[in-house]
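Subject: Structure for you to look at

Hello,

Here is the structure I said I would pass on. Please open it first, then read the notes below with the model on your screen.

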Number of protein chains: 2
Amino acid sequence: MEQTPTVRRKPTIRDVAAAAGVSRGTVSRVINGGHWVSPDARAAVEDAIERTGYTANHAARSLATGRAGSLAFLMTEPQHLLFDDPTFALLLRGAAEALSKRQMTLVLLIAGTPAERANVAHYVSAGHVDGVLLISSHEADPLLESLMDAGIPTVACGVPLGHRSEVLSVSVDEAGSARTMTAHLRAHGHRRIAMIAGPDDTPGGRFRLVGFRDEMGDDFDPELVEVGDYSQDSGAAAMERLLERAPDIDAVFAASDLMAAGAVQTLRRAGRRVPDDIAVAGFDDSGLAATHEPPLTTMRQPWEQLSERMVTLLLDAIDGRAVEPVVLPTTLVVRASA
Amino acid sequence: MEQTPTVRRKPTIRDVAAAAGVSRGTVSRVINGGHWVSPDARAAVEDAIERTGYTANHAARSLATGRAGSLAFLMTEPQHLLFDDPTFALLLRGAAEALSKRQMTLVLLIAGTPAERANVAHYVSAGHVDGVLLISSHEADPLLESLMDAGIPTVACGVPLGHRSEVLSVSVDEAGSARTMTAHLRAHGHRRIAMIAGPDDTPGGRFRLVGFRDEMGDDFDPELVEVGDYSQDSGAAAMERLLERAPDIDAVFAASDLMAAGAVQTLRRAGRRVPDDIAVAGFDDSGLAATHEPPLTTMRQPWEQLSERMVTLLLDAIDGRAVEPVVLPTTLVVRASA
DNA sequence: TCCCGGACTGGGACCGGTCACAGCCTCCGG
DNA sequence: CCGGAGGCTGTGACCGGTCCCAGTCCGGGA
């Protein structure tokens with residue numbers, strides 16, 4: 001008789017039970033906290049787990065408990081932003097770490113194309129994930145709407161515009177942050193302050209502009225506002241338009257560090273020195289702000305907190321605990337550019 | 001009698017079967033390709049799926065088939081690289097898209113701390129994923145070793161150093177690329193060419209230097225080599241050391257765009273103009289190369305192909321098809337800096 | 001007319017866990 | 001000596017699919 005090669009199967013909970021001389025139930029109890037288990041049994045099971053090299057089967061557990069043990073990190077921005085904008089990476093990393101602490105995992109979903117967007121809700125319902133971390137939604141995003149209709153626990157990054165108010169979100173105080181930065185610029189004697197705002201259909205685009213306008217008060221001049229899409233190129237282009245229209249501006253507040261970098265690029269080409277001739281301020285305190293030439297004065301978003309709070313909020317919502325949107329403060333970081 | 005709120009359960013395959021008037025087996029067959037199913041039955045099932053809003057339960061399928069339907073994107077670099085280096089984002093996005101085409105998902109794993117690294121192999125065995133895309137391994141990485149020991153299909157990005165040769169990988173022709181760039185610099189009349197190499201325990205660090213040295217031939221001067229860790233700061237620091245040691249260099253070849261950017265920063269501070277006084281070349285053609293001031297001459301890595309090939313290679317390995325490591329070509333992108 | 005094979009279908013067993021319940025033992029109070 | 005309460009344990013049912021085998025139906029060749 002020939003010896004079968006014995007393709008050693010992965011040990012299951014039954015193997016562990018047999019090895020420990022107890023039942024499946026007891027093993028399960030030990031694995032999940034271990035209440036109502038005698039010290040002897042617990043020791044035997046732990047020993048058996050060690051000996052057999054047992055690892056719980058995730059799919060089986062998922063099936064039995066009805067929970068996936070993972071969350072989706074859903075990005076809906078057009079592609080170029082993902083690999084240009086360092087803030088996404090910050091959020092992603094933070095979320096992954098927050099989850100790994102909890103023995104859960106992050107599933108990355110990119111819904112850039114309309115086709116991809118269309119089946120995200122469907123896909124998410126398939127039980128892949130317990131909830132969704134929605135990154136950067138534009139106004140009245142149908143995707144968010146369909147997630148909510150499907151009853152999928154969702155937490156947005158930034159207050160989603162144009163939705164029923166119950167949408168959960170973690171955001172920063174956009175308007176207040178913009179007021180702080182504007183006040184900083186005014187305190188340094190700048191009067192002709194321009195703003196390169198973000199898209200009006202994003203919270204950062206809309207409310208940072210609101211804060212800027214409020215703080216400027218009577219000095220606010222709509223001529224000095226241009227809009228970009230947060231990218232460096234759009235900042236450079238906006239700066240060109242501003243310079244053409246109002247060559248006398250003495251400060252620029254951009255709604256993202258990338259746009260600020262673009263503005264500096266344009267200004268340099270135009271022969272203006274930063275900050276001597278014109279001050280430039282950004283927003284985000286993304287990685288590039290500190291290494292930029294000159295280093296950017298900016299509003300620091302609390303990235304670690306943002307992702308951590310998004311995760312806790314979402315998990316609370318999933319577990320049915322009482323939850324409400326979170327607003328975090330930002331801090332002014334003064335560097336050389338303004 | 002009170003009306004129970006009817007918490008409508010998600011429809012299962014049995015509900016569909018009942019609605020279509022067929023058996024579970026037939027429904028399952030329709031879902032999976034639909035061979036050996038009569039046109040009538042197929043139509044009835046498809047209609048029933050539509051009506052009931054059925055979505056396959058991923059965990060159940062996973063349990064029955066023994067496949068997770070997802071791959072891990074495992075990053076082992078120290079944290080700061082993730083959010084500084086845009087190349088990671090490129091790979092990540094490419095991999096996510098390649099998988100979404102195949103109805104699979106990407107699970108993001110970050111094993112930065114030793115503790116995290118320690119249980120990755122254990123974790124991966126839990127059945128979360130079918131295989132691992134390993135990003136950026138340093139020499140003789142014990143993590144890779146334990147993944148291989150555990151029999152987990154793994155594909156590395158870049159040829160892992162210090163391992164048995166059977167490790168699957170997708171990489172670019174590092175040495176050849178470096179020769180191409182070096183030849184380009186020499187063709188433009190540069191003779192005192194310095195190199196800012198990557199860490200010697202990474203393939204990009206080691207083999208790009210090899211290519212540089214080979215191409216330089218007798219003109220190679222070990223004095224003109226400095227090592228960075230691919231980050232912008234390290235490039236700036238390396239450039240400082242080079243300038244101090246050999247003020248007469250007329251070109252610098254950095255093993256990453258970020259380090260090239262750092263070098264330009266240092267050169268600018270030192271009052272040297274790029275490219276007039278000194279040429280600077282990078283590597284990667286990451287997003288920043290084109291928008292950099294001046295735009296960077298660099299070697300373009302075929303990012304989309306890299307991630308796509310990593311995924312196909314890994315899936316082939318998982319399915320037990322014959323596979324071997326892949327090496328892709330790079331292309332020289334000439335911009336203003338060199 | 002019978003038999004056979006191919007197309008199609010139904011249903012039991014199974015994947016590896018969790019959960020709820022029943023049962024056991026032991027100890028204590030009445 | 002009995003009843004009962006706790007602490008602990010074992011077991012059957014179940015989660016929602018897939019797989020595979022047995023069976024039905026039907027048409028065509030002998």
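**The DNA strands**

DNA strand C has 26 residues around it, and those that come nearest are A:I13, A:S28, A:A64, B:G25 and B:A41. Both chains supply elements here: α2 and α4 of chain A, and α2, α3 (39–52) and α4 of chain B, each give two or more residues to the surface near DNA strand C. Five residues come from α4(A), which is the largest share of that surface. Sorted by class, the surface near DNA strand C has twelve nonpolar, ten polar and four charged residues.

Before going on, note that this is a predicted model.

Which residues come nearest to DNA strand D? Of the 27 residues around DNA strand D, they are A:G25, A:A41, B:I13, B:S28 and B:A64. At least two residues of the surface near DNA strand D come from each of α2 (24–31), α3 (39–52) and α4 (58–65) of chain A, and likewise from each of α2 (24–31) and α4 (58–65) of chain B. For DNA strand D the largest share, five residues, belongs to α4(B). The classes there are twelve nonpolar, ten polar and five charged.

**How the two chains meet**

Now the protein chains themselves. In chain B, 38 residues are in contact with 38 residues of chain A. On the side of chain B that touches chain A, two or more residues come from each of α4, α5 (79–84), α6 (86–101), β2 (105–110), α8 (120–128), α12 and α14 (287–291) of chain B. The largest share of that side is the eight residues from α6(B). Its residues divide into 17 nonpolar, 15 polar and six charged.

Strands take part as well. Strand β2 (residues 105–110) of chain A is joined to β2(B) by three bridges, and the two run antiparallel. To find the place on your screen, look for A:L106, which stands opposite B:L108 in β2(B).

**One helix of chain A**

Helix α13 (residues 257–269) of chain A has 13 residues. From its first C-alpha to its last, α13 reaches 18 Å, close to the 18 Å expected at 1.5 Å a residue. The buried residues of α13(A) are A:D257, A:L258, A:M259, A:A260, A:A261, A:G262, A:A263, A:V264 and A:L267. After α13(A) comes A:G271, with a positive phi near 80°.

**Backbone details in the loops**

Some loop residues deserve a look of their own.

- The peptide bond from A:E293 to A:P294 is cis, with omega near -5°. A:P294 sits in the loop between α14 (287–291) and β10 (298–300) of chain A.
- In chain B, the peptide bond from B:E293 to B:P294 is cis, and omega is near -5°. The loop that holds B:P294 runs between α14 and β10 (298–300) of chain B.
- A:D285 is a residue other than glycine with a positive phi, near 55°. The loop between β9 (279–281) and α14 of chain A is where A:D285 is found.
- B:Y230, also a residue other than glycine, has a positive phi near 80°. B:Y230 is in the loop between β7 and α12 of chain B.

Is A:D285 buried or exposed? A:D285 is buried, because 24 other C-beta atoms lie within 10 Å and the cut-off for buried is 20 or more. The count for B:Y230 is 28 C-beta neighbours inside 10 Å, so B:Y230 counts as buried too.

B:S231 is also in a loop, the one between β7 (225–227) and α12 (232–245) of chain B. B:S231 has 21 other C-beta atoms within 10 Å and is therefore buried. Its C-alpha atom is separated by 16 Å from that of B:M75, although B:S231 and B:M75 are 156 residues apart along the chain.

Regards

Note on methods. Residues are numbered from 1 along each chain as its sequence is written. Chains are lettered from A and ligands numbered from 1 in the order in which they are written. This is a predicted model: local features need pLDDT of at least 70, side-chain atom pairs count only at pLDDT 80 or more; totals for chains, interfaces and linings use all residues. Helices (H or I, at least four residues) and strands (E, at least two) are DSSP runs, numbered from the N terminus. The expected span of a helix is 1.5 Å times one less than its number of residues. A residue is buried if 20 or more other C-beta atoms lie within 10 Å of its own, exposed if 12 or fewer, and partly exposed in between; C-beta atoms are placed from the backbone. A residue is near a molecule or strand if its C-beta atom, placed from the backbone, lies within 6 Å of it. Ala, Val, Leu, Ile, Met, Phe, Trp, Tyr, Cys and Pro count as nonpolar, Asp, Glu, Lys and Arg as charged, and the others, Gly among them, as polar. Two residues are in contact if their C-beta atoms, placed from the backbone, lie within 7 Å. Two strands pair if DSSP finds at least two bridges between them.
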